[in-house]
Amino acid sequence: MPTKHDVIALHRKHPDWSMNRVAIELNCMPEYVRATARRNKLKFRSSEIFKLGRLVCSLGLSENDLRKMAARKEASHAR
């Protein structure tokens with residue numbers, strides 16, 4: 001069973017990993033990683049992604065809409 005120190009160390013080594021990825025690597029439950037993160041004030045990248053997803057949904061946009069906007073932005077930067 002991993003300890004809180006294992007969760008913290010892995011998060012510091014891979015700050016871009018999600019809670020689920022950390023749980024898989026440590027072979028533990030995501031709930032354990034989530035609780036450890038909350039108690040130790042760790043910020044996982046996935047929480048930012050979920051906030052963005054909720055914002056996109058609230059605006060009535062789809063994943064395809066975002067892909068089109070990203071493609072347009074890439075095209076404008078390539079000029």
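Modeller: One term before we start: a contact here means heavy atoms within 4.5 Å. Also, this is a predicted model, where local features need pLDDT of at least 70, side-chain atom pairs count only at pLDDT 80 or more, and totals for chains, interfaces and linings use all residues. Residues are numbered from 1 along each chain as its sequence is written, and side-chain values use heavy atoms, with hydrogens and water left out.

Biologist: OK. What share of the contacts with a separation of 6 or more comes from residues 24 or more positions apart?

Modeller: Those pairs account for 54% of them.

Biologist: And how many helices and strands does the chain have?

Modeller: Five helices and zero strands, going by DSSP runs numbered from the N terminus (helices are H or I, at least four residues; strands are E, at least two). The chain is more spread out than a compact globule, because its radius of gyration is 17 Å, well over the 12 Å that the globule rule gives for 79 residues. That radius is taken over C-alpha atoms, and the rule is 2.2 Å times the number of residues to the power 0.38.

Biologist: What does the C-alpha trace span along its principal axes?

Modeller: About 50 × 30 × 20 Å.

Biologist: How much of the chain is buried?

Modeller: Buried residues make up 24% of the 79. Buried means under 20% relative accessible area, exposed over 50%, and partly exposed in between (1.4 Å probe, protein chains only).

Biologist: Let's pick a residue. Is Thr-36 buried or exposed?

Modeller: Buried, at a relative accessible area of 0%. Thr-36 sits in helix H3, which covers residues 30-39.

Biologist: What does Thr-36 touch, leaving out residues up to four places away in sequence?

Modeller: Lys-4 and Val-7.

Biologist: How are the C-alpha atoms of Arg-72 and Arg-12 separated?

Modeller: By 35 Å, with the two residues 60 apart along the chain.
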